Amino acid sequence: MAAAVASTPVFARVTPAHKLRLVTALQAGGEVVAVTGDGVNDAPALARADVGVAMGSSGTDVAREAAGLVLADDVSTLTRALHEGRTLHGNLRKGVAYYLACKAGLVATVAAGVLTGMAVPFTPIQIVVLEMFMDIAGSATFAAEPAERDAMTRPPRDPGARFLDRALLGDLAAGAVALFVAVGGLYLVTASQTVAFVAWLSGHLALAWVMRTERTPVLRSGLFANRFLPWWTAVTAAAVWVATTVPALRETLRLTPLTGPQWIAAVLVPVAAVAVLELRTARRRRAATARPAG
């Protein structure tokens, strides 16, 4: 039976006992099994499955009682629900990794300035502004992110797996290190809070672009597939320009004018540091491609 379920896509004329055996064999092979049914003879398999789905309009009372989920319309809802659930779970993972990476990078950058005997890289008012931009980008960007291309072809996740697993913690650490190296390094070299401020805003935006996908390169995911991030990038760029050029705002935020080379370094160094993280995405995509779809 184990060999049969691993190589046979369709079984016909099965009895209730056969259905139960098929579900058990699939589960023994490590599969996550869903069973749909509406009759009394489906009840054993519905009860045994990881997800038993009964038809609400045509299903018998026995089937509905044995199932863990009762559909109000038809079975096509399952496909939409699965797609929605995988999108939501994936975006939540990416959003949490991004948010914590920004926080960890910010703490490390501030700590590095203090430990080296320099002034804190950011003033309190600057940190408030940075937090505002990070929080909005972190919440809205990943909520607006569409599903990745392989959302419906990759194997189901292990129900017992931890949310903060090794992959998520690795992304978190890599993002924090990239921001710390770029922004902290620029501050240690220039001793300019304004350079650090502009570099952080550039880096956190670049990190959002890179971390919005787990297995799809940025250029292949569609630059405008996320309806929020391009607009937020433009708004942030305009805000940085206004904050550093309008005297009243510049004084309020404790900023100073930047030279041309300082502008180039503050924008390009964080972007380049974060872009290296695309290597992780490419490696993860190769590993996912090498695994058979579930």
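Which residues are linked in a network of salt bridges? Keep that in mind as we walk through this structure, which is a predicted model.

Let's start with the sheet. Three strands make up an open sheet, lined up in the order β1-β2-β3, with parallel pairing. At the edges sit β1 (34–37) and β3 (69–71), each of which pairs on one side only. Going from one strand to the next, the twist averages 25°. If you look at β1 and β2 (residues 51–55), you'll find four bridges joining them. Thr36 has Val53 of β2 standing opposite.

Now for a helix, α12, which covers residues 260–275. Four residues of α12 are buried: Trp263, Ala266, Pro270 and Val274.

The loops have something to show you too. Arg254 has a relative accessible area of 55%, so it counts as exposed. Arg13 also has a positive phi, near 55°, and is likewise a residue other than glycine. You'll find Arg13 in the loop between α1 (2–7) and α2 (16–28). Its relative accessibility is 85%, which means Arg13 is exposed.

Time to get back to charges. Side chains of opposite charge can pair when their charged atoms come close. Searching the whole structure turns up twelve salt bridges. In one of them, Asp135 meets Lys103, at 3.8 Å from N to O. Asp135 belongs to helix α6 (residues 124–143) and Lys103 to helix α5 (residues 76–115), so this pair ties together parts 32 residues apart in sequence. Asp135 is partly exposed because its relative accessibility is 31%.

Another salt bridge brings together the side chains of Asp150 and Arg215, at 2.8 Å from N to O. Asp150 is in the loop between α6 and α7 (166–190), while Arg215 is in the loop between α8 (193–211) and α9 (218–221), so the pair ties together parts that are 65 residues apart in sequence. Both Asp150 and Arg215 are buried. Arg215 also forms a salt bridge with Glu214, where the closest N and O atoms are 3.6 Å apart. Glu214 has a relative accessible area of 11%, so it is buried.

That brings us to the opening question. The network of salt bridges links Arg93, Lys94, Glu148, Asp150, Arg154, Asp165, Glu214 and Arg215.

Terms used:
Residues numbered from 1 in each chain as written. Predicted model: local features only at pLDDT ≥ 70, side-chain atom pairs only at ≥ 80, totals over all residues. Heavy atoms only, no water. Helix = DSSP H or I, 4+ residues; strand = E, 2+ residues; numbered from the N terminus. Expected span 1.5 Å × (residues − 1). Buried < 20%, exposed > 50% of the residue type's maximum accessible area, 1.4 Å probe, protein only. Pairing = 2+ DSSP bridges. Axes fitted to C-alpha atoms, helices over the stretch in contact; angles between N-to-C directions. Salt bridge = Lys/Arg side-chain N within 4 Å of Asp/Glu carboxyl O.
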